[in-house]
Amino acid sequence: MKPAKGSIPIKRWSADDRPREKLLNKGARLLSNSELLALLIGSGSRDETAVQLGKRIMASVNNSLAELSKLTPQELMRFDGIGQAKSVIISAAFEISRRREKDAHVPNEPIRSSADVYDVMKPIMADLNHEEFWILYLNNSNRLIQKKQLSKGGITGTLVDVRLVLKHALDYRSTALILVHNHPSGTLKPSSADKHLTDKLKTACSSMDLKVLDHVIIAEKAYFSFADEGLL
């Protein structure tokens with residue numbers, strides 16, 4: 001394939017400038033975000049190298065990996081040079097990263113604060129572009145028994161079936177719950193619907209001697225706790 005005018009084929013680059021060789025010789029930590037992305041992309045096009053394509057994609061998301069991770073395969077395919085196969089590889093890489101971070105935090109200690117809740121749920125929810133509602137089911141010692149996704153909604157809301165919340169609590173023999181959902185918009189202020197749902201679940205749980213310890217709203221870089229703010 002003939003290189004674009006004025007460009008130098010990757011094979012003629014210095015080994016330090018070729019991401020694959022650079023990773024093998026010096027380790028992945030020394031690669032830039034664009035270079036790591038170029039390795040996932042694999043190959044460029046007639047007009048640009050994989051590294052140049054990686055730089056262009058990173059520039060479009062203000063060089064933020066968090067923003068890049070939010071792009072769907074369909075959105076990635078809008079970039080010239082990114083087809084279905086490459087978009088799927090990029091999406092899969094971010095999903096592996098999320099699961100690795102989630103698995104890395106397996107709390108053996110009791111959940112004592114809203115910060116503990118944020119540590120558990122941030123890897124799962126912080127960079128979603130839609131709302132999800134989860135329940136943390138705890139035992140008498142406030143140790144986590146199970147994390148359960150109750151619903152998955154759109155950009156601005158999600159629905160929760162109170163009966164399912166109670167059913168799972170009985171199944172897991174839980175004595176306390178923590179409600180968690182995310183705000184893709186980044187705002188941490190609870191809506192009137194958030195407050196209404198919290199009250200509804202508290203009332204339902206109290207009839208079964210279940211405690212609702214908190215309701216935590218997750219955003220990308222921060223969180224809001226009903227308990228900390230005296231709203232429970």
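Let's start with a pair: S1 and S2 run antiparallel and share seven bridges. Two strands count as paired if DSSP finds at least two bridges between them. Strands and helices here are DSSP runs, numbered from the N terminus: E for strands, at least two residues, and H or I for helices, at least four.

A word on the source. This is a predicted model, where local features need pLDDT of at least 70 and side-chain atom pairs count only at pLDDT 80 or more, while totals for chains, interfaces and linings use all residues. Residues are numbered from 1 along each chain as its sequence is written, and side-chain values use heavy atoms, with hydrogens and water left out.

Back to S1 and S2. Leu138 has Leu144 in S2 as its bridge partner. Five residues lie between the strands in this hairpin, and there Asn142 takes a positive phi near 60°.

Now the other neighbour. S1 and S3 are antiparallel too, joined by six bridges. Tyr137 stands opposite Leu177 in S3.

Zoom out. The open sheet has five strands, ordered S2-S1-S3-S4-S5, with mixed pairing. S2 (144-152) and S5 (223-225) are the edge strands, each pairing on one side only. From one strand to the next, the twist averages 20°. At the S5 end, S4 and S5 pair in the antiparallel sense over three bridges. Ile217 has its bridge partner in S5, Phe224.

How many residues of S1 are buried? Seven of its seven. Buried means under 20% relative accessible area, exposed over 50%, partly exposed in between, with a 1.4 Å probe and protein chains only. One side of S1 carries Glu132, Trp134, Leu136 and Leu138; the other has Phe133, Ile135 and Tyr137.

On to helix H9, residues 192-206. Its 15 residues should span 21 Å at 1.5 Å a residue, and its end C-alpha atoms are 21 Å apart, which agrees. The expected span is 1.5 Å times one less than the number of residues.

Which residues of H9 are buried? Asp194, Leu197, Thr198, Leu201, Ala204 and Cys205. Down the axis of H9, they fall within an arc of 135°, so they line one face of the helix. That arc is taken from the directions from the helix axis to the C-beta atoms. Turned away from the buried side are the exposed Ser192, His196 and Thr203.

What do the buried residues of H9 pack against? Strands S1 (132-138), S3 (176-182) and S4 (211-218), plus helix H8 (162-172). Contact here means heavy atoms within 4.5 Å.

How values were computed. Axes fitted to C-alpha atoms, helices over the stretch in contact; angles between N-to-C directions.
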